[in-house]
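Dear colleague,

Please find the structure below. A short account of the findings follows it.

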Amino acid sequence: IWETRKGKIMNKNLIEQIIPNADRNHRDNFSNISLLDKLTNNEWIYVEGELIKLLHEFPEDNLIYETLVYKQSTKCLSVMYENLINCKCEFSKLMIASNIFSINQDVDMIKIGIKSFNNFDKTDGYYNYKLISAFTFLKAFNNKETNDIILKFIQYNDSLVSFNANRLLGF
């Protein structure tokens, strides 16, 4: 189904192609980079606006953040900051702070990311799995302090956590 917008034809399914359903069937091994690279400027303006709306609806969906970061969208920053302020989950706070930093290098995001990481619930049954993703967010800060945090896990008792800490630090 197609619609016309300012003289351009836009596919209504474009957003669904760029941000598929948040489940394993649709997201495992998914990349939207090739789709994003093919967008015209007018298409990106449309997509960017729709993604910003989705940030309001799904404030903890990292694929939406990653997509906006990849395109270095600055229009989304006010919504990202708002989501960060309203976020209750420490893991999501780290993710959002890391994505904000990746767009505008706001050094306050490093402090927020570290504080959120340090506040992770170690009794959470998913703690080790969260660490693996958290390392990627910490590494995005490209900062000695965040790298030192990851360094503490290179000999961790869970081999998958240890492996990923070593991999991200280049060991």
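Does Asn32 count as buried or exposed, and why? Asn32 counts as buried because its relative accessibility is 4% (buried means under 20% relative accessible area, exposed over 50%, partly exposed in between, with a 1.4 Å probe and protein chains only). This is a predicted model, in which local features need pLDDT of at least 70 and side-chain atom pairs count only at pLDDT 80 or more, while totals for chains, interfaces and linings use all residues. Residues are numbered from 1 along each chain as its sequence is written, and side-chain values use heavy atoms, with hydrogens and water left out.

Asn32 sits in the loop between helix H2 (24-27) and helix H3 (33-38); helices are DSSP runs of H or I with at least four residues, numbered from the N terminus. Leaving aside residues up to four places away in sequence, Asn32 touches Ile18, Ile19, Leu63 and Thr67 (contact means heavy atoms within 4.5 Å).

The structure also holds 7 aromatic pairs (rings of Phe, Tyr and Trp, the last by its six-membered ring, with centres within 6.5 Å; planes under 30 degrees apart count as stacked, over 60 as edge-to-face and the rest as tilted). The rings of Phe91 and Phe137 are edge-to-face, because their planes stand at 70°, with the centres 5.7 Å apart. Phe91 belongs to helix H7 (residues 90-104) and Phe137 to helix H9 (residues 127-140), so the pair ties together parts that are 46 residues apart in sequence. Phe137 counts as buried, at 10% relative accessibility. One aromatic cluster includes Phe91, Phe137 and Tyr156.

Yours sincerely

How values were computed
Helix = DSSP H or I, 4+ residues; strand = E, 2+ residues; numbered from the N terminus.
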